[in-house]
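Notebook open, model loaded. I want to jot down what I looked up, one item at a time.

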Amino acid sequence: DNFSAQLAGRTELRASGTLKLSEALDFKGALVVATNQPSGFAALFREDIDPAIRNLRRAGLAADVELNAKRQVFENMELDLNGDLLKGTVSQSNSDGRTDLDLSLKGAVLDLDAMNALSALFVDDSNTSSRNIRADIAVEGLQFAGLKTGAVDAKLSLLDDALDIETLSAQSVAGVNIVASGDTDNWRSPQSGSLEARLSTDSFAPALKRLQAAFPWLALMEH
């Protein structure tokens, strides 16, 4: 079946596929959502709009999807955040208080704060006690936690607090170029494992303070 609608925030929604209405929404098919006023669209779901959404001028998504209470999959996805186009796959499953997120994205600048805020409109993980993340990212830049970077190429996994970096190359992170690899049992306060990082910058001390705020394991470099 096909469905289209004009929603708040100058938002267009188009969907085609199979919709099952039981205790919870269950949809499988093709989905397109495009909004020219993301904050207006978000107001349909939340009274308090995340600042990351308010900063978006436009947002759009086109993907083959599977959406239900336990599993959310976006394949062949094209994501537009303020005109920055990203392509890839995002899948998330929720079971027994655990959330598993697999992320594979390539393209322009990825605004992680905005993407997380938008996904929170549709996915309720308030009962999540454990979170596992696997990411394969190759983008022209990242925006997160007040930081803006240059090109980032990374393959890593975060299983609860255990961080495993297969490869990480990030340009101009608070003025620092970073190459890192390795693992640790607790990225928040690493006591075991082996993390190696090479940093280069023209002004090391102030840049390191900003980096340590975002990446606590870098505090080890002081010892």
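In which strand is D164 found? I found D164 in strand 11, residues 162-173. Strands here are DSSP runs of E with at least two residues, helices are runs of H or I with at least four residues, and both are numbered from the N terminus.

Ground rules before I go on. I am working with a predicted model, where local features need pLDDT of at least 70, side-chain atom pairs count only at pLDDT 80 or more, and totals for chains, interfaces and linings use all residues. Residues are numbered from 1 along each chain as its sequence is written, and side-chain values use heavy atoms, with hydrogens and water left out.

**Whole chain.** I noted four helices and 13 strands. Of the 223 residues, 39% count as buried; buried means under 20% relative accessible area, exposed means over 50%, and partly exposed is in between (1.4 Å probe, protein chains only). The accessible surface comes to about 12800 Å², and 48% of that belongs to carbon and sulfur atoms. Those areas come from the Shrake-Rupley method with a 1.4 Å probe, and for residues only the protein chains shown count as cover. I also checked contacts (heavy atoms within 4.5 Å): among those between residues at least 6 apart in sequence, 41% join residues at least 24 apart.

**Surface patches.** D164 gathers with E166, D183 and D185 in a patch of negative charge on the surface. Patch members have over 30% relative accessible area and no salt bridge, with like charges joined within 9 Å and nonpolar side chains (Val, Leu, Ile, Met, Phe, Trp, Tyr) within 5 Å. A salt bridge is a side-chain nitrogen of Lys or Arg within 4 Å of a carboxyl oxygen of Asp or Glu. Asp and Glu count as negative, Lys and Arg as positive, and His and the chain ends are not counted. I took each charge at CG of Asp, CD of Glu, NZ of Lys or CZ of Arg. D164 counts as partly exposed because its relative accessibility is 40%.

I then looked up a nonpolar patch: L7, L44, F45 and F122, with about 380 Å² of accessible area together. F45 sits in the loop between helix 1 (38-42) and helix 2 (51-54). With a relative accessible area of 38%, F45 is partly exposed.

I placed N82 in the loop between strand 5 (71-81) and strand 6 (84-95).
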